[in-house]
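User: Please take a close look at one part of this model. I would like the contact between the two chains, and then a single residue elsewhere.

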Amino acid sequence: MFRELDPLLHSQLRLAVMAILMSVEEADFVYLKEKTQSTAGNLSVQLDKLSEAGYIKVEKSFVGKKTHTACQILPAGRKAFERYVQALKDYIG
Amino acid sequence: MEEKTLTEKESIEIISRMIQETKEGMQEGSGNMFLLWGYLSTIVSLMIYFGYNATGNTNIFWFWWLIPALGWPAMVYLLKKRKRRVVTYINRIVSYIWIVIGICSVLVPIGSILAPVPFPALFVAALLVNIGVAMTGLVIKYRLLIISGFSGILFSFSLLFVHGLSCILVFAAMFVVLMIIPGHALNAASRKTKKYGLCSEN
């Protein structure tokens with residue numbers, strides 16, 4: 001029996017963000033936007049969803065006069081991602 | 001990146017591509033710390049060498065403390081100024097290596113002052129720095145740093161055999177060859193990465 005794929009991760013942009021955050025300790029908004037080639041608005045919405053689910057931590061601060069948004073994966077997000085990859089493996093066989 | 005229903009293969013493809021994206025080469029200004037400590041140590045060493053030769057005043061050896069006194073604040077300033085958009089595990093490991101080396105490098109001259117027996121402070125300091133260079137090279141997989149670091153480790157032992165003020169000149173030369181040159185090379189490599197998106201040597 002196949003496991004259900006986590007609907008929160010089974011989305012192009014959210015999955016891309018999670019894959020990046022799994023590979024680094026911390027990434028800022030501009031980095032994520034550039035690597036995922038997404039729009040600022042869309043990325044912001046998806047980051048909020050991941051943050052509300054407790055998958056990532058989003059920290060906003062000021063560097064000089066500019067805002068800086070740093071994202072980090074949380075243990076719940078790491079586990080969810082690992083489960084998602086395992087489920088994918090089951091599907092693909 | 002548009003939102004759409006994903007197939008399993010597309011999911012795998014996104015994950016692989018994003019992981020690959022994070023493996024790009026060095027970040028801009030990677031060599032700045034090497035340049036800071038390299039130039040500072042070389043200039044202070046030469047200042048002490050020529051100063052002592054000119055005046056014969058042993059108080060000039062207190063100038064060694066200029067290295068940490070100027071280096072630490074400058075390093076903190078550079079770290080704050082740096083626009084780091086991503087922190088990788090490699091960045092973290094390299095930072096930890098240099099924190100340990102930095103602390104030990106401050107303890108070495110203190111030990112040399114307090115030690116009741118002659119203490120080869122320049123040798124120990126040079127060895128520590130070169131261990132740091134070699135470890136950094138191995139972690140970031142940058143050949144020039146690996147070669148510089150290990151050559152430096154060997155070269156450091158020459159300080160046990162050189163006597164008198166000449167060891168200060170050897171110490172200064174070591175920083176030119178093992179920190180300043182690799183520092184400029186690292187910055188050139190990181191500029192290349194930024195321009196062409198190339199991996200350095202990864």
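**The side of chain B that touches chain A**

Analyst: In this predicted model, 20 residues of chain B are in contact with 23 residues of chain A. Three elements of chain B each supply at least two residues of that side: helix H1 (8-21), strand E1 (86-87) and helix H4 (89-114). H1(B) gives the most, with eight residues. By residue class, the side of chain B that touches chain A divides into 10 nonpolar, three polar and seven charged.

Strand pairing also links the two chains. Strand E1 of chain A, residues 26-28, pairs with E1(B). The sense is antiparallel, and the pairing runs over two bridges. For A:Glu26, the bridge partner in E1(B) is B:Val87.

B:Ile146 is buried, because 20 other C-beta atoms lie within 10 Å, and the cut-off for buried is 20 or more. Leaving aside residues up to four places away in sequence, B:Ile146 touches B:Ala134, B:Gly137 and B:Leu138. One further distance places B:Ile146 in the fold. B:Gly31 is 115 residues from B:Ile146 in sequence. In space, the two are 14 Å apart, C-alpha to C-alpha.

Technical notes:
Residues numbered from 1 in each chain as written. Chains lettered and ligands numbered in written order. Predicted model: local features only at pLDDT ≥ 70, side-chain atom pairs only at ≥ 80, totals over all residues. Buried ≥ 20, exposed ≤ 12 C-beta atoms within 10 Å, placed from the backbone. Contact = placed C-beta atoms within 7 Å. Helix = DSSP H or I, 4+ residues; strand = E, 2+ residues; numbered from the N terminus. Nonpolar A, V, L, I, M, F, W, Y, C, P; charged D, E, K, R; others polar. Pairing = 2+ DSSP bridges.
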